[in-house]
Amino acid sequence: MANLEDFDEFLDKVDKISELVKDLNSSDEVTQQNALKAANGYIAVSDEHCGTKVDTTRINTNPPASACQTLQSDNPADFFKVMEKDAEIRRVRRLEQEKKATALKDRGNEAYAKEDYETAVKYYTDGLTELRDMQPLYTNRAQAFIKLGKYQEAIRDCEWALECNEGCIKAYLHMGKAYLALKKYNESRMCFEKILQIKPGKENLIKEHLNQVDLEERQNQELSAVQELSRGAAEAARIPLLLDKLSAPGQEPFYYCGGFTILAEAVTNSTSQTLFRLNNGFGIIISNDVVRRCLLPKTKAPDSQELCLSVLKLWKVACRGNAENLKILMESPVSKRSIVELLTSDNPAVQQGCLALLCLYTQTPYGRRLATDNLNVHILTKNLMWSITMQQQQREEAAVTVLENFAAENKFFIQLRDVLADAVIVPFTSILRTVSKYDQHVLVSLTSAVGCLTRDDVIRCSFAHNADCWMALVDVVSNCRACEYKEVLYALLGFIMNLSAVASPAIQEHAAALCICCVDLLKDNNGDIVTRAAGVLSTVLPQSSEAVHRALQQNVVGIMHRLLKRNEPRITKYAIQTLAVCTAASRQAREELLRSDKKLSDLRHLLGSSCDETVSGNAALCFAHCLELEGIASNLLGTDIVLLLLRHAAADATNTDVQKNAAIALGKLCRSEPRHADKLREMNGLQILHSCMKLISSTEAPEKRGQ
């Protein structure tokens, strides 16, 4: 049962097969033959849906003669014998293939150890002939191909290994080495960085490989640059000449500004970027007193601000796509301080130039790591949020983009945790309180970026416990609805759903006001807004009895019951969870639900049709709550409720709350109306119920107020 997608699908198959078995045992020959054809067709369809990443199915082109004779037989028992025998043949054949493939792999490993790589490749290839989805054979052969200098073949084998196992570290490791040998440095770097995403604990090992990529890329760039110079290329010779002139100290700002502008136009490719580095371009800029003074945000002189802007533009063109230049710039004390502080410059162009440079760094994992390792993340984030509050759309969008990019880096989360309130929560709360002043697109992007930060559990908890933030969120939801800011409202509701997954006094304090807003939003004509409003209710209501009371006053039960009828998976999940919370807390809620659906047909439909365990579990929970009302169990006589609840109580569910809730509902049903117990006895379900009750008694909390 553990391998089946859901219990309902299994029961459906059982019903079909039961009908086939009945027809196969029929005394009517025609019925038997038709059933046999149907069974063969059913098997064919089942085979089509056997999904594996690498197709290893083989057609048995030489079946035993006895099998062919049996298939032609009209005896149903013979048919099932053939099925069993075929399954056993396949199992045995698979074991034999694995044994042969493993033996060939071992022989290949022996040849590899002796540095006989051609022979090793042959053995690995023979092993793959036996078993095409054996991942170690691909990675081992890739390693041998690398030794033979067949790098494209190695990359192809690594791709096949990833088809077998998408988290295969060896595949990314060998692929990174093969790309490095082909001098495809970005691709190589991406492979090694992927390993860090899968296994962060491998940082020390992978750092060595990344350093090797950096080293070889730098050596290759420098060799090409020297060759360009030796050939006397005019463009190459121009870079050293310009830098020599700019190294003169004590000139006026406009002198350096013009020179840096010309130099930025000359740095057009990897060779010119390398020549800029080899001729101490970064050092010449940073060591110049006039230039250093202009890189301070307090600088007011127009010519100094122009010089500052020209430096930022030069740094950007010198570092674009060049890992070594990115590293040198980011490790310089002057530049890494300036990049953070210039975000608060009074000059919009300087601020925009600084944001553009940060965007360049945050586009790649390598650049993000350099930035988080070298910059003051606290001040940087605070200044990014300040840039957004300046209400200049171009700068706002750039600052949000940088923040979103940083949110993909784990180190950024860790460094932000202890300073989150000052760096993010306070400025974000301030923006929420003046939402009408901002561009909607920027607000949506900012909410998304801050939402990305809350993927970190510590950051999410800090937000969830901040009372000022919750107060602002309640106000902004109301304001956005009044201003028809639908896109912003949608983003904020998603953010609130994320935060409300954490229980906190701050949420409880504002839960009632928030739920009143969300119940009003359930009447909105935008289906996405309605869905998210229902989602917020499903997560916030369990935290506050006052919120439940206020929601009931607004007819939340009737509205949620109507939403169930839409048969939309997400809104169904939220609606049934909300109903489970309300019916647990209030007799009034149960009575309202019964008035709109006397036989609880919608809940029964969910129990019989939903593949979502949360939906099934909460539907069973609602039943258990409603069965506390007098006469309900009798109303359900003649329905399929006993069978539905028994299926879930007996199912091998991932979430045991589904079984427990179904068993509780079944127990209440049978206790309230003995005729249901008779039905359960007919189905041999008492033993199942008894086992479930043991499970319930062994846990502290036998039922939940909404899962």
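User: At 52% relative accessibility, does Lys183 count as buried or exposed?
Analyst: This is a predicted model, in which local features need pLDDT of at least 70 and side-chain atom pairs count only at pLDDT 80 or more, while totals for chains, interfaces and linings use all residues. Residues are numbered from 1 along each chain as its sequence is written, and side-chain values use heavy atoms, with hydrogens and water left out. Buried means under 20% relative accessible area, exposed over 50%, and partly exposed in between, computed with a 1.4 Å probe on protein chains only. Because its relative accessibility is 52%, Lys183 counts as exposed.

User: Where does Lys183 lie, and what is its phi?
Analyst: Lys183 is placed in the loop between α8 (169-181) and α9 (185-198), where helices are DSSP runs (H or I, at least four residues) numbered from the N terminus, strands being runs of E of at least two. Most residues other than glycine have a negative phi. Lys183, although not a glycine, has a positive phi of about 65°.

User: Which accessibility class does Asn280 fall into?
Analyst: Asn280 sits in the loop between α13 (270-278) and α14 (281-286), and phi of this non-glycine residue is positive, near 60°. Because its relative accessibility is 46%, Asn280 counts as partly exposed.

User: Which residues does Ser270 touch, apart from those up to four places away in sequence?
Analyst: Ser270 is found in helix α13 and, at 34% relative accessibility, counts as partly exposed. Its C-alpha atom is separated by 8.6 Å from that of Ala318, 48 residues apart along the chain. With contact meaning heavy atoms within 4.5 Å, and with residues up to four places away in sequence not counted, Ser270 touches Gln221 and Asn322.

User: What distance separates the C-alpha atoms of Cys164 and Pro136?
Analyst: Cys164 belongs to helix α7 (residues 151-164) and counts as partly exposed at 25% relative accessibility. Although Cys164 and Pro136 are 28 residues apart along the chain, the separation of their C-alpha atoms is 9.6 Å.

User: Which helices do the buried residues of α30 pack against?
Analyst: Helix α30 (residues 527-540) has 14 residues and reaches 20 Å from its first C-alpha to its last, close to the 20 Å expected at 1.5 Å a residue, the expected span being 1.5 Å times one less than the number of residues. Ten of the 14 residues of α30 are buried, so this helix is largely enclosed by the rest of the structure; among them are Ile529, Val530, Ala533, Leu537 and Val540. The buried residues of α30 pack against α28 (486-499), α29 (505-521), α32 (556-564) and α33 (569-585).

User: At the start of α30, to within what distance of the backbone nitrogen of Asp528 does a side-chain oxygen of Asn526 reach?
Analyst: A polar contact is a pair of N or O atoms within 3.5 Å; within protein, one must be able to donate a hydrogen and the other to accept it, and residues adjacent in sequence count only if both atoms are side-chain atoms. At the start of α30, the side-chain oxygen of Asn526 reaches the backbone nitrogen of Asp528 to within 2.9 Å.

User: Which backbone oxygen lies 2.8 Å from a polar atom of the side chain of His676?
Analyst: His676 is found in helix α40 (residues 674-682) and, at 3% relative accessibility, counts as buried. Leaving aside neighbours within four places in sequence, the contacts of His676 include Leu636, Ile641, Val642, Leu669 and Cys670. The backbone oxygen that lies 2.8 Å from a polar side-chain atom of His676 is that of Ala633.

User: How are α36 and α39 oriented to each other?
Analyst: The axes of helix α36 (residues 613-626) and helix α39 (residues 656-672) come within 8 Å and cross at roughly 25°, where axes are lines fitted to C-alpha atoms, for helices over the stretch in contact, and angles run from 0 to 180 degrees between N-to-C directions. Angles under 35 degrees count as roughly parallel, over 145 as roughly antiparallel, 65 to 115 as roughly perpendicular and the rest as oblique. Helices α36 and α39 are therefore roughly parallel.
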